[in-house]
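Dear colleague,

I am handing over the structure we spoke about, and my notes follow directly below it. Please read them with the coordinates open.

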Amino acid sequence: MNPSPVCQECGTRVNTAPTMIEYLGEEIYLFDPVVCEPCLHKLCKRYSTYCANCGGCIPPYSQVGVLKGDAGQKQVVHTTTSCTTAGSAFYGYWGKGQLRNFIQIEACN
Ligand SMILES: [Zn+2]
Ligand SMILES: [Zn+2]
């Protein structure tokens, strides 16, 4: 028997997987890590960033496109079809206020 997963933030048992909330119009489905709904709301408030393309909210634990801005600064954008950006060669994963699993997509010749 598998015990139900435990929230990584507060230790509460989480019975619903994935955790699903809506934050500022963005739907968030979180499979990994396991975080309960109240904690996910808190994480969104603390660690959300803004899309460099449309200005919308990008909650933590989302897949993002990455643009190289001025002075080597990285800007993140949505990967949704409603917010498509030309020339985004990098994809990453927005974690707790920073990029995780930053991947460069190889250009095909
Ligand atoms: Zn929690
Ligand atoms: Zn956007």
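How many helices and strands does the chain have? This is a predicted model, and in it the chain has one helix and eight strands, which follow one another from the N terminus in the order β-β-α-β-β-β-β-β-β. Of the 109 residues of the chain, 20% count as buried, and among the contacts between residues at least 6 apart in sequence, 40% join residues that are at least 24 apart.

Strands β1 and β2 run antiparallel and are joined by five bridges, with Y23 standing opposite E26 in β2. Two residues lie between the strands of this hairpin, where L24 takes a positive phi near 50 degrees.

The helix comes next. In α1, which spans residues 37-47, the buried residues are L40, L43 and C44. They lie on the same side of α1, because the arc they cover around the axis is only 100 degrees. The buried residues of α1 pack against β1 (19-23) and β2 (26-30), whereas the face turned away from the buried side carries K45 and R46, both of them exposed.

The largest nonpolar core has 15 residues, and those that touch the most other members are V35, L40, V64, V76 and W94. The elements that give two or more residues to this core are α1, β5 (62-68) and β6 (74-77), and α1 gives the most, with three residues. When its neighbours within four places in sequence are left aside, V76 is in contact with T49, C51, A52, I58, V64, G65, V66 and W94.

One of those partners, A52, may deserve a separate look. Is A52 buried or exposed? Although A52 is placed in the loop between β3 (49-50) and β4 (57-58), it counts as buried, because it has 20 C-beta neighbours inside 10 Å, and 20 or more is what the criterion asks for. Leaving aside its neighbours within four places in sequence, A52 is in contact with L67, Q75, V76 and V77. The C-alpha atoms of A52 and K74 are separated by 9.7 Å, with the two residues 22 apart along the chain.

With best regards

Notes
Residues are numbered from 1 along each chain as its sequence is written. Chains are lettered from A and ligands numbered from 1 in the order in which they are written. This is a predicted model: local features need pLDDT of at least 70, side-chain atom pairs count only at pLDDT 80 or more; totals for chains, interfaces and linings use all residues. A residue is buried if 20 or more other C-beta atoms lie within 10 Å of its own, exposed if 12 or fewer, and partly exposed in between; C-beta atoms are placed from the backbone. Helices (H or I, at least four residues) and strands (E, at least two) are DSSP runs, numbered from the N terminus. The arc is that of the directions from the helix axis to the C-beta atoms. Two residues are in contact if their C-beta atoms, placed from the backbone, lie within 7 Å. A nonpolar core is a set of buried Ala, Val, Leu, Ile, Met, Phe, Trp, Tyr and Cys residues joined through C-beta atoms within 7 Å. Two strands pair if DSSP finds at least two bridges between them.
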